[in-house]
Amino acid sequence: MRTKTKHSKSGSYSSFIIFTFICIIFLAPFFFMLVTSFKPGQEMLSKGLTLKMNFDAMTLNNYKIIFF
Amino acid sequence: MGFNRVNTKVKIKKIYSVINSVKVVPYIFVLPFVITFLVFFLYPIISSLIMSFQNIEGFRDVTFIGWKNYRNLLNPHYYNALRVSFLYTFLTIAILIPFPLVLAALLNNKLLRGRNIFRSSLFMPALTSVIVAGMFFRFAFGTQSTALFNQMIGFFGLGPITWLQGRGTGMLALVILCVWRWTGVNIVYFLAGLQGIPQELYESADIDGANSLQKFFNITIPSLKPVIIFVITISVFGGFSMFAESFAYWTSRSPGDIGLTLVAYIYQTGFNNNNFGFASAIGITLLIIIMMVNVLQLNLFGFFKKD
């Protein structure tokens, strides 16, 4: 019985790691959408959706266009 | 005057008694469904069937042309659309049944920490609009070497790929978008089914010394059969009726028709070429194909067999 509990606990730990990895993949597009919303439109067209982040080029202009 | 009032009261009472009678009430309850079915389902189908035998140019210029629209279906564009739709449906079902099923079985484990967070995280993509998700993946599958998926394959030493211009890679992009959006939904269906399986079955399997895999294949999957059939049925329909994803990637025309599905072909012929008769003929064939595939798979799973 004890070995069974140990076994199921180690199983749930491995499931936890697998799910954490899968959730990162599934949530990554939302992170990129958020980051992209701070990028100027030209950058998206010239570089596509990129992993590299240029913090200096980030702008609030897209939000200004929506709200003001 | 008084006599008339009494007469009207008697009439109203009579109408009420008829409406409230056991014979009439069931029909009244069913009436909203029947009306909805007739107006929103049967009428459009019959109307499309009639239109499929017509040449329609504008609203007034309508002529009956017999089977000509159906004969025109024998063209390379239609065959290509048929091939793309079949392949897309097959691939999405091949991934979107086993993958969410395994994830749901793991998520059903009460010992798993943070399982509610995992459930909501996996369901979140289903809440995004197809166009928003499609635009994201369109840029992620960009042709530039700096685009997300090209950077990712760059880690493995591979050069940039023009994802949305190749037949195989274009299909891969469509399937990835579909899997990302619908895995969470199918997990919800399977979780609902899993929670209906009696725990006694697993307990008795434990006593018999069954391991986790044996329990999964001999208890979980047979108990989930109705849910699996339901998910396959809606996936067949979803696969064949896919359009928005293709539109988000390539708008109405893709290079070499790589994203031309049957519904995209309907859109193209109907709204771009103004040929609504021919578009209706494609729609009718699509209806027949979906019905045939679903009847076939339901028959395969023994849905029509009497216990």
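This is a predicted model: local features need pLDDT of at least 70, side-chain atom pairs count only at pLDDT 80 or more; totals for chains, interfaces and linings use all residues.
Colleague: Is Asn274(B) buried or exposed?
Modeller: Residues are numbered from 1 along each chain as its sequence is written, while chains are lettered from A and ligands numbered from 1 in the order in which they are written. A residue is buried with 20 or more other C-beta atoms (placed from the backbone) within 10 Å of its own, exposed with 12 or fewer, and partly exposed in between. Asn274(B) has 12 other C-beta atoms within 10 Å, so this residue is exposed.

Colleague: What phi does Asn274(B) take?
Modeller: Asn274(B) sits in the loop between α14 and α15 of chain B; helices here are DSSP runs (H or I, at least four residues; strands are E, at least two), numbered from the N terminus. Most residues other than glycine have a negative phi. Asn274(B) is not a glycine, yet its phi is positive, at about 55 degrees.

Colleague: Which loop holds Asp257(B)?
Modeller: Asp257(B) also has a positive phi, near 55 degrees, and is a residue other than glycine. With 19 other C-beta atoms within 10 Å, Asp257(B) is partly exposed. Its place is the loop between α13 and α14 of chain B.

Colleague: Which helices are included in what covers the buried residues of α14(B)?
Modeller: In α14 (residues 262-272) of chain B, the buried residues are Leu262(B), Val263(B), Ala264(B), Tyr265(B), Ile266(B) and Thr269(B). Their cover, counted by contacts (C-beta atoms within 7 Å, placed from the backbone), includes four helices of chain B: α4 (76-96), α12 (225-240), α13 (244-250) and α15 (276-300).

Colleague: What is the orientation of α4(B) to α9(B)?
Modeller: α4(B) and α9 (residues 167-194) of chain B have axes 10 Å apart, at an angle of about 40 degrees. Axes are lines fitted to C-alpha atoms, for helices over the stretch in contact, with angles from 0 to 180 degrees between N-to-C directions. Under 35 degrees counts as roughly parallel, over 145 as roughly antiparallel, 65 to 115 as roughly perpendicular and the rest as oblique. Therefore α4(B) and α9(B) are oblique.

Colleague: What is the handedness of the crossing of α4(B) and α12(B)?
Modeller: These axes come within 8 Å and cross at roughly 145 degrees. A crossing is left-handed if the near helix is turned anticlockwise from the far one by less than a right angle, and right-handed if clockwise. For α4(B) and α12(B), the crossing is right-handed.

Colleague: How many charged residues are on the side of chain B that touches chain A?
Modeller: Here 20 residues of chain B contact 19 of chain A, and α6 (115-123), α7 (130-140) and α8 (148-154) of chain B each supply at least two residues of the chain B side. Ala, Val, Leu, Ile, Met, Phe, Trp, Tyr, Cys and Pro count as nonpolar, Asp, Glu, Lys and Arg as charged, and the others, Gly among them, as polar. That side has 13 nonpolar residues and six polar ones, and its charged residues number one.

Colleague: Which residues does Phe149(B) touch beyond four places in sequence?
Modeller: Phe149(B) is in helix α8 of chain B. It counts as buried because it has 21 C-beta neighbours inside 10 Å. Leaving out residues up to four places away in sequence, Phe149(B) touches Ala140(B), Phe141(B) and Trp163(B).

Note on methods. Two residues are in contact if their C-beta atoms, placed from the backbone, lie within 7 Å.
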